[in-house]
Amino acid sequence: MTIDWTAFTPWSALAGGALIGLAAALFIHANGRIAGISGIVGGLLRPAPGDRGWRLAFVLGMVAAPLLWGLTTTLPPLIIAADWPLLVLAGLIVGISTRYGAGCTSGHGVCGISRLSPRSLVATLAFMGSGFVTVYVVRHWLGGAL
């Protein structure tokens, strides 16, 4: 294994993580809600009265931020090494899993752990462990076939 030291960017990663944490803290203090993406997007399907505006603003901000960032710097190329049916299947699995797990990686991993939620700690360990096992199986048992 080799490390591409030119792509090793700890300071920008630290700044990005700090900004995500700050945004999550501001969101809960301003709205009294957890900044879990699946809950925010899912709430657009059947919004409560008065909920549609802030949910749309949140989602549009997530879409607009990388587009605006791309105006200031050269973004790395986007390479997706999977076909559409596999991407759709993966999206469905993630969506179903966030419903069963009562939240997504941002809700549990960022917001829940920072609130010392035992449920979020277990959920985060479960999806991180699942990811580790999946990468191992795909790379070492299936030879990177997916």
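A pocket, on a 1 Å grid over the protein atoms alone, is an open set of points where a 1.4 Å probe fits, with protein on both sides within 12 Å along at least five of seven lines; lining residues have an atom within 4 Å of a point. Grid points are joined across faces, edges and corners, and a volume is the space filled by probe spheres set on the points.

The model is predicted, so local features need pLDDT of at least 70 and side-chain atom pairs pLDDT 80 or more, while totals for chains, interfaces and linings use all residues. Residues are numbered from 1 along each chain as its sequence is written, and side-chain values use heavy atoms, without hydrogens and water.

**First stop.** Select I93, V94, S97, F127 and S130. Of the 20 residues lining the largest pocket, these are the closest to its centre. The volume of this pocket is about 690 Å³. Next, colour α4 (84-100), α5 (105-114) and α6 (118-141), each of which supplies at least two lining residues; helices are DSSP runs of H or I, at least four residues, numbered from the N terminus. With 8 residues, α4 gives the most. The lining holds 11 nonpolar, 9 polar and no charged residues (nonpolar: Ala, Val, Leu, Ile, Met, Phe, Trp, Tyr, Cys and Pro; charged: Asp, Glu, Lys and Arg; polar: the others, Gly among them).

**Second stop.** Move to the second largest pocket, with about 580 Å³ of space. Select L19, I20, A23, M62 and A65, the closest to its centre among 17 lining residues. Then show α1 (10-31), α3 (52-72) and α5, which each give two or more residues to this lining. Here α1 gives the most, with 7 residues. By class, the lining has 15 nonpolar, 2 polar and no charged residues.
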